[in-house]
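User: I am new to this structure and would like to learn how to read its features. Please take them one at a time, with the general idea before the case.

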Amino acid sequence: MPGSETAVQLDQARPISERLIKYVLFGCGAISIATTAGIIFVLLFETVAFFRRVSFSQFFLDTQWTPLFADKHFGIWPLVAGTFLTSGIAIVTAVPLGLLAALYLSEFAKAGLRRVLKPMLEILAGIPTVVYGYFALMMVTPFLQRLIPGLSGFNALGAGLVMGVMILPIIASLSEDAIYSVPANLREAAYALGATKLSTTFQVVLPSAFSGIGAAVILGISRALGETMIVAIAAGQQPRFTLDPRVPLETMTAYIVQVSLGDTPSGTLEYQTIFAVGSLLFAFTFLLNIVAHRLRKRMAGGA
Amino acid sequence: MKDSGGWISKEGIFQLVCLLALALPLLLLFVLISGTFADGWDRLSWSFLTGAPSRRAASAGLFPAFVGTILLMFLTTLLAVPVGIGAAIYLEEYARPSRLTSFIELNISNLAGVPSIIYGLLGLELFVRVMQMGRSLMAGAATLALLLLPMVVISSREALRTVPHSMREACYALGGDKWRSIRRVVLPMSLPGILTGIILSVARAVGETAPLVTIGALSFVTFVPTSVWSDFAAIPIQIFNWVSRPQAEFHANAAAGVIVLLTVMLVLNAVAIWLRIRLGRRLQ
């Protein structure tokens with residue numbers, strides 16, 4: 001205890017049970033550290049074992065991913081391309097819609113309407129992802145096939161669009177928080193200078209909320225990269241080094257699912273590949289989350 | 001300013017575009033859910049709810065998966081909620097600003113952003129292999145509990161923060177110690193918020209598929225788990241299995257499964273709202 005002498009005495013004067021409670025509660029908080037440590041240790045342990053058998057150049061320089069075939073290649077790029085293509089489609093869908101929805105909620109909707117609409121938007125985030133996968137494969141893709149000839153039954157487009165709907169509430173809700181936290185006097189200053197609501201929104205409110213909106217977009221990207229069921233169901237299981245949204249491909253997460261569906265004994269190379277892929281995915285999302293955290297802190301600290 | 005009528009209509013158009021951006025996804029969700037009901041309604045029968053999986057789509061049922069999901073829900077809650085509330089109380093009531101405290105906070109917000117399939121990899125190695133729980137109910141619940149934990153901590157902290165500081169001081173003034181003020185004042189007052197947050201988080205965790213698939217949970221389980229060490233099935237995995245099959249008859253089963261899963265989610269959300277209103281009123 002860094003406190004003064006009396007504080008220390010007071011602390012000791014408390015019944016033992018009171019101090020015990022504090023330690024137990026601290027233990028609850030410390031479990032989060034243990035979880036993070038557990039994730040990093042497990043991923044590292046199996047990934048190191050993987051790279052004992054497969055070289056870095058095989059992993060990062062090859063463009064074929066066929067660890068389950070007789071002719072094994074371990075080039076990660078097809079899975080990375082698939083992941084970024086589906087996530088890219090999702091982001092391109094979700095950012096404009098989410099940002100406009102956030103503007104409606106914060107700038108135009110009356111308080112009563114806002115209280116109804118915001119939870120409704122949250123419903124989109126509460127739908128289980130396996131249900132979104134069903135939507136993508138069974139309804140969205142067949143609909144798109146009528147518009148786009150040559151669209152395969154498994155494709156990045158349908159999966160990405162549905163994923164966009166899934167991450168929209170994250171982007172809308174966090175952007176709205178950012179827009180909402182723009183001080184009222186900034187807006188009033190703009191109005192006092194004769195600015196219209198529209199130009200105030202675009203020239204004052206949105207630039208002031210920029211770091212918060214940036215954080216929202218980055219968290220959306222992070223969620224899209226890690227999303228599993230939509231792509232495992234609707235995008236296919238064919239690792240393919242392509243950016244063509246019409247053909248089947250495989251994401252990093254879908255590969256982990258594919259291997260998990262078979263009963264792969266631990267210690268085998270197949271078992272280790274899913275941890276190597278998982279490590280890369282964890283690294284991507286971890287970096288994005290840190291950047292978003294920094295941006296949000298700047299939002300809270302600045303202005 | 002010269003042409004203020006023009007500006008107003010421009011603003012009106014922009015407002016309309018914003019409203020459409022908000023309405024479009026909701027409308028799409030409505031269409032998709034209606035379509036699912038149309039596809040799955042005929043399959044939804046008593047025998048579907050009480051039957052076991054089968055190689056014949058028409059006689060396949062959801063019962064083991066339904067029971068598995070309910071058991072998973074209770075076990076996961078039991079494992080994660082006490083720890084989560086404890087951590088929230090520590091961070092809100094006891095922790096002083098320090099490097100360790102901010103490290104714990106950063107950890108929790110990071111864990112909330114870790115993809116669920118990574119929790120599956122952790123569960124696969126730690127619970128299934130090292131602790132040798134196999135693909136049991138316990139392994140599934142433990143994996144989902146780790147995923148649920150940061151959500152419970154974050155929502156419980158928000159609920160604890162809504163209790164005004166003056167209420168705690170009133171308790172101290174009456175001679176209460178810290179733990180008594182937490183137990184008698186802070187927890188009861190924040191209970192509606194804590195419970196609502198927990199139910200919504202549990203609903204989300206129980207709808208997860210990826211971590212359960214990763215730990216190797218089975219989709220063809222024809223029996224109901226008899227202990228926490230039994231194999232188990234869950235509704236999301238069963239849906240995934242049915243939707244992955246090429247035959248259209250199984251797709252109707254998947255649609256019916258989606259209806260059941262969405263109903264479970266709806267019930268949990270309704271309970272959360274009801275609790276918030278009910279308990280909130282009592283405390284007034």
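User: How many residues of domain 1 of chain B are in contact with residues of domain 2 of chain B?

Analyst: Two residues are in contact if their C-beta atoms, placed from the backbone, lie within 7 Å. In this predicted model, five residues of domain 1 of chain B touch seven residues of domain 2 of chain B. For the classes, Ala, Val, Leu, Ile, Met, Phe, Trp, Tyr, Cys and Pro count as nonpolar, Asp, Glu, Lys and Arg as charged, and the others, Gly among them, as polar. On that scheme the domain 1 side has one nonpolar, two polar and two charged residues.

User: Where do the domains of chain B lie, and what separates their centres?

Analyst: Domain bounds come from an automatic or database domain assignment. That assignment places domain 1 of chain B at 4-43 and domain 2 of chain B at 47-283. Taken over C-alpha atoms, their centres are 31 Å apart.

User: How are residues and chains labelled, and which residues count?

Analyst: Residues are numbered from 1 along each chain as its sequence is written, while chains are lettered from A and ligands numbered from 1 in the order in which they are written. As the model is predicted, local features need pLDDT of at least 70 and side-chain atom pairs count only at pLDDT 80 or more, whereas totals for chains, interfaces and linings use all residues.

User: What is the mean pLDDT of chain A, and where is the pLDDT below 50?

Analyst: pLDDT is the predictor's confidence in each residue, from 0 to 100. For chain A the mean is 89, and 94% of its residues reach 70 or more. Residues 1-9 of chain A have a pLDDT below 50, and beyond near neighbours in sequence this stretch has four contacts in the model. Where pLDDT is low, the predicted coordinates should not be read in detail.

User: Which elements make up chain B?

Analyst: Helices (H or I, at least four residues) and strands (E, at least two) are DSSP runs, numbered from the N terminus. Chain B has eleven helices and zero strands. Its C-alpha trace spans about 70 × 70 × 40 Å along its principal axes.

User: At what angle do α5(B) and α6(B) cross?

Analyst: Axes are lines fitted to C-alpha atoms, for helices over the stretch in contact, and angles run from 0 to 180 degrees between N-to-C directions. Angles under 35 degrees count as roughly parallel, over 145 as roughly antiparallel, 65 to 115 as roughly perpendicular and the rest as oblique. The axes of helix α5 (residues 116-130) of chain B and α6(B) cross at roughly 135° and come within 9 Å, and the two helices are therefore oblique to each other. The contact has eight nonpolar, four polar and no charged residues.

User: What is the handedness of the crossing of α3(B) and α6(B)?

Analyst: A crossing is left-handed if the near helix is turned anticlockwise from the far one by less than a right angle, and right-handed if clockwise. α3(B) passes α6(B) in a right-handed crossing. Helix α3 (residues 63-94) of chain B and helix α6 (residues 137-161) of chain B pack at an angle of about 40°, with axes 6 Å apart.
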